[in-house]
Amino acid sequence: MIFGFPVISVAIWLPIIFGILVLATGDDKNAPLARMIALVGSVLGFLVTIPLYTGFMLDTAEMQFVERHQWIPRFNIEYFLGVDGISVLFILLTAFFTPLVVVAGWKVIEKRVAQYMASFLIMSGIMIGVFAALDAILFYVFWEAMLIPMFLIIGVWGGANRVYAAVKFFLYTLLGSLLMLVALIYLYNQSGGSFSILDFHQTLIPMSAQILIFIAFFFAFAVKVPMFPVHTWLPDAHVEAPTGGSVVLAAIMLKVGAYGFLRFSMPIAPDASHELAGVMIALSLIAVVYIGLVALTQTDMKKLVAYSSISHMGFVTLGFFIFNAYGMEGALLQMISHGFVSGALFLCIGVLYDRMHSRNIADYGGVVNTMPVFAAFFMLFAMANSGLPGTSGFVGEFIVILGAVKANFWYAFAAASTLIFGAAYTLWMYKRVIFGAVANSHVAELTDLTWREIAIFTVLAITVLGMGLYPLPFSEIMHTSVNEFLVHVARSKLPM
Amino acid sequence: MSMENLYLLVPLAPLVGAIIAGLFGKVIGRAWSHRVTIALVAVSFFASVSIFNDVQAGNEFNGAIYTWLTSGHTSFQVGFLIDKLTATMMLVVTFVSLMVHIYTIGYMQEDPGYQRFFSYISLFTFSMLMLVMANNFMQLFFGWEAVGLVSYLLIGFWYQRPTAIYANLKAFLVNRVGDFGFLLGIGLVLMVFGTLQYDAVFANVASHAADMAPIPGMSVNLITAICVLLFIGAMGKSAQFPLHVWLPDSMEGPTPISALIHAATMVTAGIFMVARMSPMYELSDAALSFVMVIGAITALFMGFLGIIQNDIKRVVAYSTLSQLGYMTVALGASAYTGAIFHLMTHAFFKALLFLAAGSVIIAMHHDQDIRNMGGLRKYMPITWITSLIGSLALIGTPFFSGFYSKDSIIEAVALSGLPGSGFAYFAVVAGVFVTAFYSFRMYFLVFHGEERFGKAHHHDAHDAHADADDHDHHHGLAPGQKPHETSWVITLPLILLAIPSVFIGYVAIGPMLHAEYFGDAIYIAANHPAMHELTEEFEGPVAMAMHALHTLPFWLAVLGVVSAWFCYMKRPEIPAMVQKRFQFIYTLLDNKYYFDRFNDWFFAGGARRISGVFWKIGDVKIIDGWIVNGSANAVGLFSRVVRHLQSGYIYHYAFSMIIGVFVLLSVRTWF
């Protein structure tokens with residue numbers, strides 16, 4: 001809180017309240033009003049998170065902007081919010097994307113406009129809640145609640161095969177979430193009757209229990225990241241989701257899983273984390289190399305970018321489990337950058353899909369002839385996805401690879417193969433879609449970006465280049481917390 | 001203006017030009033696009049001249065501009081190192097870039113992508129300057145990849161051509177293979193030295209000379225590992241065997257960029273990088289040997305390929321590959337100054353040759369096949385004379401710039417005692433004949449002999465492009481049409497480049513090679529005395545040229561020119577005869593030693609096949625088919641079975657109850 005003003009609560013509840021207001025506009029007769037309220041709400045929602053950055057104290061690893069109130073005293077469950085250097089940027093990232101998604105769906109969504117916009121606003125508030133919750137039950141509530149709007153977005157505005165995608169997603173997540181709840185209840189008992197995550201961090205736990213807790217959390221978080229081999233829901237979900245859904249899924253929701261490792265698995269079970277680090281690193285490297293290769297021959301653009309996401313998230317988990325500062329900070333930077341870049345790429349595909357109603361690479365060719373402005377933006381984001389220096393995509397990968405060399409040269413060797421594979425699948429897709437002579441009459445009829453689309457892409461382009469050329473503002477905010485985190489996970493928590 | 005601001009001005013001026021032409025090109029129009037970018041590159045050039053003079057006066061600079069990132073306890077900075085090596089490179093880059101900018105006005109005149117082209121070449125100039133001015137590995141890598149990006153954009157400039165967009169993807173990916181090694185090398189540097197700043201690394205490198213590399217499972221010297229990994233990056237960028245495959249294809253780009261990027265500047269980045277890292281390379285004889293052998297293979301075997309090419313640009317491209325091999329050999333022989341010297345002279349005469357080739361291409365209405373040319377000297381005197389100067393410089397004619405640099409390299413290799421230097425010496429000497437032969441084959445076929453243009457196209461070297469009718473496409477002259485000299489914006493750069501192609505060697509060899517010119521920028525260990533001995537023998541440029549008249553390389557060059565004349569002017573039937581006689585060798589050369597086929601089949605095809613297998617079997621069949629849908633099906637199956645238990649009939653339940661009671665009782669009784 002600054003000056004008694006509950007910044008985080010406002011960041012959570014303001015978009016949710018606006019979401020309810022949007023719902024109140026009723027059916028599609030009032031669609032323009034719904035869009036306007038949604039835009040105002042989402043922009044305000046972003047503006048209110050800015051004090052979290054400007055007012056953030058760089059020299060402490062303590063939780064900041066803390067709000068702590070009783071919620072269910074019977075079980076000592078609290079409404080306990082706060083941010084540190086690890087979580088603060090994700091709150092901004094979440095709030096940053098909501099207006100972009102609202103604008104991106106402005107004309108494209110014509111049915112149930114109010115419900116669509118409201119889903120995104122409410123989801124935005126809930127995801128901020130996930131990143132800010134310091135009470136385990138509060139976290140769990142946000143965690144589960146987050147899925148509802150996403151299910152609706154895929155289920156109502158999704159593609160033809162949305163039921164299969166939703167069922168698959170459900171199968172994957174159900175198991176993980178339930179195991180996490182069991183682990184939380186165990187920790188409640190072990191910590192002497194507290195659901196505070198910070199108390200969990202200090203609780204001593206024997207090795208066997210740590211391993212079980214780690215595995216329970218692993219199922220919850222690894223599915224979300226997603227890590228190999230629990231990743232196959234993501235390509236299907238992306239393919240079926242509308243553009244806005246894909247953007248939020250890739251940019252924010254995947255980060256929630258990675259964030260879970262940092263907030264729960266590693267600090268609560270540090271000894272198990274070290275014990276199982278080899279497995280985690282192996283899974284991460286499989287994600288980078290195997291998924292990088294799988295992405296190469298995808299014929300559906302969205303699937304290709306979805307696989308590319310999984311491969312890039314492999315860098316994140318690799319960075320976590322090599323336990324050094326480069327790895328950790330590189331991973332966090334990679335998470336933020338991946339938000340921008342994958343979000344931008346899904347928006348690019350959305351632009352094409354809105355015009356051609358196809359995600360199939362083979363249906364395109366020579367788009368640059370009719371959409372040169374779009375081609376330029378797409379080039380920038382494709383290069384960022386290939387990790388070109390000067391774009392945000394380079395920063396995290398570079399630092400994680402440097403950290404991996406420090407841990408074991410061969411980790412870095414495997415991870416650095418993304419330089420080749422990442423460029424190969426991204427630029428090969430770019431070549432087939434954008435370059436060449438006009439492939440067919442549909443491509444010949446394409447119209448270039450509207451001013452609304454240009455506005456969205458300009459914002460993202462500035463962000464991607466800005467972070468690539470000057471990432472210091474992103475990294476300095478996480479320093480103290482990361483250092484403290486590394487000290488914490490290096491300490492054994494086994495009972496004496 | 002303070003010197004720091006002047007340093008900043010050099011890269012930023014072309015960047016601003018690139019942004020203006022790129023974002024507002026349509027608004028300000030064609031003329032203003034080239035005016036703005038040329039003016040800003042000229043600013044950059046004159047600033048470089050001023051910095052060069054300042055550095056000569058002894059004012060060097062090494063400092064940060066801003067902190068890019070801090071992570072752990074390491075601070076990654078963007079900063080400049082301005083010493084004599086940098087100042088020389090800045091001068092070469094900005095001068096050639098300025099020439100190419102001016103030339104482009106003429107060459108790209110009719111192209112619809114005019115503003116975009118100026119934006120790209122200015123962006124390239126910025127990137128290349130960031131690369132050479134870097135004072136740390138991170139920024140070096142930034143420049144390294146940024147020039148790769150612009151190269152990608154420019155090779156694919158005519159994006160409608162299938163060959164162009166194939167070539168640019170290939171160039172980018174092959175370079176990425178090199179960068180893969182480069183990045184791992186940087187990672188090892190950071191791990192061992194804890195910093196990426198050149199000065200701090202070089203100051204400590206000697207104390208790690210005997211360390212083993214921290215690579216589990218391999219016992220290899222640390223410095224050797226770092227140097228070889230970094231050199232793999234150089235092999236990509238400077239197109240050394242076996243990562244050379246992208247450079248000939250890069251000729252799909254417009255000719256001005258072939259001159260600027262794929263001859264004079266970007267491809268020499270690898271040479272510059274190794275010279276910059278001389279304090280490290282000097283500590284590893286193994287790495288130097290590796291460098292020398294790779295360079296020697298490139299120098300000789302890529303030269304052979306130049307002999308059978310018929311596309312004027314491809315001949316020059318293979319010549320570039322071969323000359324890059326010479327520079328690399330020089331690096332391996334610890335003649336870093338020789339390599340940089342050859343880099344500089346080569347930048348001038350090779351840019352000249354490419355731009356002259358472009359001039360010929362324009363005159364020939366975009367027919368690039370030298371078999372359709374001949375006798376052009378009558379019609380294009382400036383292009384003819386300047387081409388002759390360029391060719392003479394390239395083959396190492398005494399008193400021309402190329403002679404001083406190339407002869408120094410050959411001498412240095414002769415004096416090197418490293419393993420592999422025997423082969424390297426043979427390669428660079430034999431390469432002299434090859435160079436002279438293919439250069440003058442092209443020269444004679446283009447400028448002398450029968451006029452073969454203006455006829456129906458019996459040779460169609462360009463069938464691959466047959467689909468597009470855009471600019472720079474293979475049209476050729478109409479029957480009866482005569483070529484004519486190109487406009488002044490094209491010939492002026494030719495003349496301005498011809499001047500240094502003649503004189504720069506004569507002027508610069510004394511100070512640059514033999515007078516401690518580079519000072520601390522280049523370090524040569526005492527156990528690699530080749531350059532030192534050369535300096536002791538050196539008695540001025542005139543004496544060096546006179547001495548060369550009775551050495552083997554000179555006579556090999558003469559022999560090369562004479563045989564080219566004999567084979568293509570005097571007895572044109574000989575080449576066909578030789579080709580028939582040695583069909584096997586011709587086929588091998590015509591297929592470029594089958595590298596492209598192998599790479600396409602093994603690497604590109606292999607990756608796609610593995611990808612298909614991983615996806616169809618790993619993801620779709622095992623994970624989704626067996627595990628995900630399998631568990632769903634298992635649940636379904638289970639529920640289908642247990643559904644029968646809940647039939648809803650009272651007597652079923654009563655019967656099960658009785659059975660249950662009976663079983664329970666039996667269990668209690670028996671156990």
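This is a predicted model: local features need pLDDT of at least 70, side-chain atom pairs count only at pLDDT 80 or more; totals for chains, interfaces and linings use all residues.

In which helix of chain B is the place of B:Tyr506?

Author: B:Tyr506 sits in helix α18 of chain B. Its relative accessible area is 34%. Partly exposed residues lie between the buried ones, under 20%, and the exposed ones, over 50%, so B:Tyr506 counts as partly exposed.

Now look at what surrounds this residue on the surface. B:Tyr506 belongs to a nonpolar patch, together with B:Ile382, B:Phe399, B:Ile495, B:Ile499, B:Phe503, B:Val507, B:Val542, B:Met546 and B:Leu549. Together, the residues of this patch have about 840 Å² of accessible area. Two elements of chain B give two or more residues to the patch: α18, which covers 488-514, and α20, which covers 541-548. The biggest contribution, five residues, comes from α18(B).

For contrast, here are some buried places. A:Tyr430 is a tyrosine in chain A, found in helix α20 of that chain, residues 418-433. With 2% relative accessibility, A:Tyr430 counts as buried. Leaving aside neighbours within four places in sequence, A:Tyr430 is in contact with A:Ala375, A:Phe378, A:Met379, A:Ala382 and A:Phe435, and also with B:Tyr152 from chain B.

A:Ser342 is buried, with a relative accessible area of 2%. Not counting residues up to four places away in sequence, A:Ser342 touches A:Ala250, A:Ala251 and A:Ser309.

Back in chain B, B:Asn599 lies in helix α24, residues 595-643. The relative accessibility of B:Asn599 is 18%, so B:Asn599 counts as buried. Beyond its neighbours within four places in sequence, B:Asn599 is in contact with B:Val245 and B:Ala604.

Finally, let us see how two helices meet. Two packed helices are described by the angle between their axes and by the distance between those axes. In chain B, helix α3 (residues 114-133) and helix α9 (residues 255-264) pack at about 5°, with axes 11 Å apart. Angles under 35 degrees count as roughly parallel, and α3(B) and α9(B) are therefore roughly parallel to each other. Where they meet, B:Phe117, B:Ile121 and B:Phe124 of α3(B) face B:Pro256, B:Ile257, B:Leu260 and B:Ile261 of α9(B) in contact.

Note on methods
Residues are numbered from 1 along each chain as its sequence is written. Chains are lettered from A and ligands numbered from 1 in the order in which they are written. Side-chain values use heavy atoms; hydrogens and water are left out. Patches are made of residues with over 30% relative accessible area and no salt bridge: like charges are joined within 9 Å, nonpolar side chains (Val, Leu, Ile, Met, Phe, Trp, Tyr) within 5 Å. Accessible areas come from the Shrake-Rupley method with a 1.4 Å probe; for residues, only the protein chains shown count as cover. A salt bridge is a side-chain nitrogen of Lys or Arg within 4 Å of a carboxyl oxygen of Asp or Glu. Helices (H or I, at least four residues) and strands (E, at least two) are DSSP runs, numbered from the N terminus. Buried means under 20% relative accessible area, exposed over 50%, partly exposed in between (1.4 Å probe, protein chains only). Axes are lines fitted to C-alpha atoms, for helices over the stretch in contact, and angles run from 0 to 180 degrees between N-to-C directions. Angles under 35 degrees count as roughly parallel, over 145 as roughly antiparallel, 65 to 115 as roughly perpendicular and the rest as oblique. Contact means heavy atoms within 4.5 Å.
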